[in-house]
Amino acid sequence: MVLWLCLGCAAAVFLGSFLGVLSDLIGQRRLCLLFFMLHLFVVIWRKVIANPSIWISSICLSLASSIFYFNFETQMVVELEKQGLRRDALNDMFWLMSFYESASFIVSQVLGNWLIGGTEGSTVNLLPTAAAILSLVALIYASQRLKEFPRATKFEDYKIKFHSYILMDRRIWLLSWVQACVHFSSVVFWILWAPTIVGDGREMVLGLVYPCLLGAKMLGSSAFPWFNGPLSLRTEEYLVFTFILMGSLMSIIAYDYQEIEMLLILFCLYHACLGLVLPSLARLRTMFVPNELRAGMMSLSLAPSNAALFFFLVQRGYYHNIENSTAIALGALGLFTAAGCMHMLKRAGKQPHQSWIKL
């Protein structure tokens, strides 16, 4: 298990970090083809090979997850702005994407619980076939209208723009660090939440906890329009307090062993905050990052967090030098630094803002 996680994390560091640049160069729709091809390859590999290697599946799915993080958001932003829609439509798209992502995970968990609950083996064997059909249909759909998109951008022009608008902008560095800290804390949480909740011999049906966490994330995403609508708060302002709250929650989880009820409350509060943070960061990316450089910035910003995760998995899984609580505490520390970066971003950025008190 540790080996598979290490291989997937290594693939995300050394390959996934540069897929965003590739997406900007060749176009998001073309990289969507790679996303669906990776899933299709994993399914065919498992069907053809009698004893498939798990490490190949781990690498392919890790790369697919990296593409999912940056490519679809960038593609939606580019296409919506081509249609000339207002920025309000983009804000609605951000929180709806996070909302429906969590909803789809809940549906998949319900399906998984139903399959594990004692259905016939033939039904379970049909699942890879269904996944292959869905991947193939999505691949055919995504391959349509490729000729209508502009040609690939020259790498030299892209490098000049990236240096000018990304590397030379202090606000982008702050935003990148915030993204890396959020990614590290959330991945550490998802790796360690099950060992934490069943620690000291406590019994818990984990399949029922998972939908509760995603439901809390959906509630947090649905609060995003209120913060940017009726309340009319600056994104940087409420994110500072949100990151402080998330860091405090992870600190309590790391060093204060609670009863199951308290742990569930802490977990749900953390995911409610995460549901608010993700569309808010997408809104900040729209404000500060040019669309033609967005995917590259997003993928490269995850390189430090993926490298830290790889280091943690090796040290914890093979050398046992790092405890689980230490990793969670590092995630909390990262969130506190994200709050500081967001405060600096508020002072450095120039966001048009109209106070609801003056209305």
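The largest nonpolar core of this predicted model has 84 residues, and Phe243, Leu281 and Met342 have the most contacts inside it. A nonpolar core is a set of buried Ala, Val, Leu, Ile, Met, Phe, Trp, Tyr and Cys residues joined through side-chain atoms within 4.5 Å. Buried means under 20% relative accessible area, exposed means over 50%, and partly exposed lies in between (1.4 Å probe, protein chains only). Helix α8 (residues 170–197) gives the largest share of this core, 13 residues.

**Basis of the values**

- Residues are numbered from 1 along each chain as its sequence is written, and side-chain values use heavy atoms, with hydrogens and water left out.
- Because the model is predicted, local features need pLDDT of at least 70 and side-chain atom pairs count only at pLDDT 80 or more, while totals for chains, interfaces and linings use all residues.

**Core and buried residues**

- Contact means heavy atoms within 4.5 Å; leaving aside neighbours within four places in sequence, Phe243 is in contact with Val178, Val182, Val277, Leu335, Ala338, Ala339 and Met342.
- Apart from the largest core lies another core of six residues, including Leu80, Leu90, Met93 and Phe94.
- Helices (H or I, at least four residues) and strands (E, at least two) are DSSP runs, numbered from the N terminus.
- Helix α13 is mostly covered, with seven of its eight residues buried: Arg294, Ala295, Gly296, Met297, Met298, Ser299 and Ser301.
- Ser98 belongs to helix α5 (residues 87–116) and counts as buried because its relative accessibility is 6%.
- Beyond its neighbours within four places in sequence, Ser98 is in contact with Lys217, Ser221, Gly275, Leu278 and Pro279.

**Confidence**

- The predictor's confidence in each residue, pLDDT, runs from 0 to 100; its mean for the protein chain is 84, and 87% of the residues reach 70 or more.
- Over residues 351–359 pLDDT stays under 50, and the model has 13 contacts beyond four places in sequence for them.

**Nonpolar surface patch**

- Leu3, Trp4, Ile54, Trp55, Tyr318 and Tyr319 form a nonpolar patch on the surface, with about 650 Å² of accessible area together.
- Patches are made of residues with over 30% relative accessible area and no salt bridge; like charges are joined within 9 Å, and nonpolar side chains (Val, Leu, Ile, Met, Phe, Trp, Tyr) within 5 Å.
- Accessible areas come from the Shrake-Rupley method with a 1.4 Å probe, and for residues only the protein chains shown count as cover.
- Helices α1 (2–14), α4 (54–82) and α14 (303–319) each give two or more residues to the patch.
- Leu3, found in helix α1, is partly exposed because its relative accessible area is 45%.

**Salt bridges**

- The structure holds seven salt bridges, each a side-chain nitrogen of Lys or Arg within 4 Å of a carboxyl oxygen of Asp or Glu.
- Lys159 forms a salt bridge with Glu156, their closest N and O atoms being 3.6 Å apart; both residues lie in helix α7 (residues 155–167), three residues apart, about one turn of the helix.
- Asp169 and Arg171 meet in a salt bridge at 3.1 Å, N to O; Asp169 is buried at 17% relative accessibility, whereas Arg171 is partly exposed at 25%.
- A salt bridge also joins the side chains of Arg316 and Glu323 (4.0 Å, N to O).
- Glu73, Arg285 and Arg294 are linked in a network of salt bridges.
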